[in-house]
Amino acid sequence: MHEEVFVGIDISKDQLDAHVLPKGMHTTVKNDTQGIDSLIEILHAEPPMVIVMEATGGYEITVAAQLGLAGLPIAVVNPGQVRDFAKGIGKLAKTDAIDAYVLARFAQTVRPIPKPLPTEDEKQIKELVTRRKQLVDLRASEKNRLHRARSNRVQRSIQTVIAALDKEIEDIDKDVDDLIRKSPLWRETEELLRTFKGVGPITARVLMAKLPELGHVSRHEISRLVGLAPLNKDSGKKKGKREISGGRADVRSTLYMAAVAAITSNVVIKPFYQRLIEAGKPFKVAITACMRKMIVILNAMLKKKQPFQVVFS
C-alpha cells in the first residue's frame with residue numbers, strides 16, 4: 001500500500017523550495033519554465049494528495065498554473081493561516097526551506113481541498129468583483145467626508161469623485177453581467193443562489209468569487225471558511241463564551257447585509273431570527289446565527305443543485 005504524499009512549495013522570485021512528506025525530501029529549483037518542468041517531473045514520480053503553496057502577491061500564479069495544467073492537485077492557501085499553523089507546531093524561524101516544510105506539514109495535517117484552475121473568464125470575474133468592492137469602499141469614504149465638509153468647493157470636489165465612482169461601479173457591473181452570461185456554470189450558480197430571498201446579484205457574485213468552496217464541502221467546513229463557526233474558549237473547568245473568529249471577512253460582511261434583508265422576508269430566516277430575539281438573544285448573536293444558517297442552506301442548495309424552494313419546500 002502506497003503512503004499518502006503531501007507537498008509544500010515555498011515560492012520566491014528566483015527559486016522554488018519543495019518539501020515532500022512523509023519522505024522528508026527537499027528540492028530547490030529555479031523559478032523559471034525549466035525549473036518548474038523539472039519539479040513537475042519529480043512530483044509525477046509519486047503523485048501527491050495535495051500540493052500547498054501560499055498566495056504570495058502574484059508569484060504563485062504561474063507556478064500554480066503550470067502544475068495544475070500538468071494534472072497535479074494544487075491548493076493556494078492564506079499566508080496568515082499558515083503562519084498560525086507554524087506557531088502551533090513551534091516553527092518560529094523563517095527560511096525558504098523551513099517554510100516549505102511547514103507548508104508540507106500544513107498539507108498533511110489540514111488537507112485543504114485542491115481547486116481546479118479558473119478559466120480566464122472566471123479570473124476576470126473574480127478580479128472585477130474585488131475591484132468593485134474596493135470602489136464601493138472608496139465611495140463610502142467619500143460620502144463620509146461629504147457629511148463633514150463645510151466648504152462648498154470641497155463638497156463639489158467630493159461629489160465629482162462620488163459621481164465618477166458611481167459610473168465606474170456601474171460599468172464594472174455591466175462587464176460582470178456580460179462575463180456571467182458567457183459562462184453557463186456561473187450563470188446557473190448565480191440563478192440558484194438568487195432563489196434564496198435575501199441573496200441579490202452582488203451577494204451571489206461575491207460568494208461565487210470569494211467562496212469557491214461553496215457547494216463542495218461540509219456544513220461545518222463552509223461555516224469555518226466564512227468565520228461563522230463558533231469556537232470554544234474553554235480552559236480547565238472554566239467554560240468560556242463561544243465566539244466566531246477568522247474566516248473571510250469580505251464574504252462575512254456581504255453575508256451580513258444579505259441576512260439583514262432575509263430576516264424581514266425569507267420564510268426560513270425570518271421566523272428563525274424572531275425565535276432567537278424572543279428568547280432574549282442580542283441582535284449581534286441572532287444575526288450571526290442567521291448568517292450561519294444562510295451559508296449552510298446555500299451550501300446545501302449548490303451541493304444538490306436545487307433551488308431554495310425545492311430544498312426547503
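This is a predicted model: local features need pLDDT of at least 70, side-chain atom pairs count only at pLDDT 80 or more; totals for chains, interfaces and linings use all residues.
Local features were kept at pLDDT of at least 70 and side-chain atom pairs at pLDDT 80 or more, while totals for chains, interfaces and linings use all residues. Residues are numbered from 1 along each chain as its sequence is written, and side-chain values use heavy atoms, with hydrogens and water left out.

Start with the big picture. The protein has 13 helices and five strands, taken as DSSP runs (H or I, at least four residues, for helices; E, at least two, for strands) and numbered from the N terminus. Its C-alpha trace spans about 60 × 55 × 40 Å along the principal axes. Of the 313 residues, 38% count as buried, meaning under 20% relative accessible area with a 1.4 Å probe, protein chains only.

Now zoom in on helix 6 (residues 152–182) and helix 8 (residues 201–210), which pack at about 65° with axes 12 Å apart. Those axes are lines fitted to C-alpha atoms over the stretch in contact, and the angle, on a scale from 0 to 180 degrees, is between N-to-C directions. Helix 6 brings Asp 173, Val 176, Asp 177 and Ile 180 to the contact, and helix 8 brings Ile 202, Arg 205 and Met 208 (contact being heavy atoms within 4.5 Å).

Finally, look at strand 2 (residues 15–21) and strand 3 (residues 25–30): they run antiparallel, joined by six bridges, where DSSP pairing takes at least two. His 19 sits opposite His 26 in strand 3. Three residues lie between the strands of this hairpin, and Gly 24 takes a positive phi near 80°.

Definitions and conventions:
Buried means under 20% relative accessible area, exposed over 50%, partly exposed in between (1.4 Å probe, protein chains only).
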